[in-house]
Amino acid sequence: MPGPVVNGVRQAGAIGSVAPDSQEQEPMLPLVAEGSIRLILLCSGDVLMARLRHTTDRDGDHAYQLLRPRLVRSAADASHDAQPSWLLQPYLEGLTSQHNLVLFKGAVASVLEPDARLLQAYALETRQECPLEETPVERLKRAFQEFTETFEAHS
């Protein structure tokens, strides 16, 4: 027999209850957080997008930790001339309450750099800061600025 209901409050996770919105609970991940946002092509053919950290499994073998993974699916678009659009869906939603997972190296076919627009959409959905797309000139200016700052600090 289930426990008593107090003032209409149900226990979270009870069968038939709706899980709280995970977007409200997740804190903002700063730009300097460990790992980098990548597209992960799995051997199964699925494409995930997540903040990727390198780790090891229980046996000490190389593995990947995925923070806030999202399944990337192509959106069916009527206009063929437009840029491809993508849908980001929570990965393993409804199967587990965990938001992070560890993948064994054998499950990963490739790790790729995401498109800037997809990166921005993922960062907004998962509450993470992400770098804005920079031109080569902007990257060169930033690198020169960082170099001069470190040079001046050592003087």
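Predicted model: local features only at pLDDT ≥ 70, side-chain atom pairs only at ≥ 80, totals over all residues.
Local features are described only where pLDDT is at least 70, side-chain atom pairs count only at pLDDT 80 or more, and totals for chains, interfaces and linings use all residues. Residues are numbered from 1 along each chain as its sequence is written, and side-chain values use heavy atoms, with hydrogens and water left out.

Two strands are said to pair if DSSP finds at least two bridges between them. With β2, β3 runs antiparallel, and eight bridges join the two. Arg51, for instance, has Leu67 of β3 as its bridge partner. The hairpin of β2 and β3 has five residues between the strands, and Gly60 in this hairpin takes a positive phi near 90°. β3 also pairs with β5 in the antiparallel sense, over five bridges; here Leu66 has Leu101 of β5 as its bridge partner. A further antiparallel pairing, again over five bridges, connects β3 to strand β4 (residues 86-90), with Arg70 standing opposite Pro90 of β4.

Buried means under 20% relative accessible area, exposed means over 50%, and partly exposed covers the range in between, using a 1.4 Å probe and protein chains only. Leu71 counts as buried because its relative accessibility is 9%. Contact is taken as heavy atoms within 4.5 Å. With neighbours within four places in sequence set aside, Leu71 is in contact with Asp46, Val47 and Leu48, and also with Leu87, Leu88, Gln89 and Tyr91. From Leu71 to Ala50, the C-alpha to C-alpha distance is 9.0 Å, and the two are 21 residues apart in sequence.

What about the nonpolar interior? In soluble globular proteins, nonpolar side chains tend to be buried together. A nonpolar core is defined here as a set of buried Ala, Val, Leu, Ile, Met, Phe, Trp, Tyr and Cys residues joined through side-chain atoms within 4.5 Å. The largest such core has 20 residues, of which Ile40, Leu42, Leu48, Met49 and Leu66 touch the most other members. At least two residues of this core come from each of β1 (36-42), β2 (47-56), β3, β5 (100-104) and α2 (116-126). Leu42, not counting residues up to four places away in sequence, touches Leu48, Tyr91, Leu103, Ala107, Val108 and Ala109.

Which residues of α2 are buried? They are Leu118, Leu119, Tyr122, Ala123 and Thr126. These residues lie on the same side of α2 because they cover an arc of only 135° around the axis, the arc being that of the directions from the helix axis to the C-beta atoms. The N-terminal end of α2 is capped by Asp115, with a side-chain oxygen 3.1 Å from the backbone nitrogen of Arg117. After α2 comes Arg127, whose phi is positive, near 55°. Gln128 sits in the loop between α2 and α3 (136-154) and, at 4% relative accessibility, counts as buried. The side chain of Gln128 makes a polar contact with that of Thr126 at 3.0 Å. A polar contact is a pair of N or O atoms within 3.5 Å; within protein, one must be able to donate a hydrogen and the other to accept it, and residues adjacent in sequence count only if both atoms are side-chain atoms.

Finally, the structure holds three salt bridges, each a side-chain nitrogen of Lys or Arg within 4 Å of a carboxyl oxygen of Asp or Glu. Arg38 forms one with Glu113, the closest N and O atoms being 3.0 Å apart. This pair links distant parts of the chain, 75 residues apart: Arg38 is in strand β1, and Glu113 is in the loop between β6 (108-112) and α2. Arg38 is partly exposed at 22%, whereas Glu113 is exposed at 58%. Arg70 and Glu125 meet in a salt bridge of 2.8 Å, N to O, which links strand β3 to helix α2 across 55 residues. Arg70 is buried at 5%, and Glu125 is partly exposed at 25%. Asp115 also forms a salt bridge with Arg117, with 3.3 Å between the closest N and O atoms.

Technical notes: Helix = DSSP H or I, 4+ residues; strand = E, 2+ residues; numbered from the N terminus.
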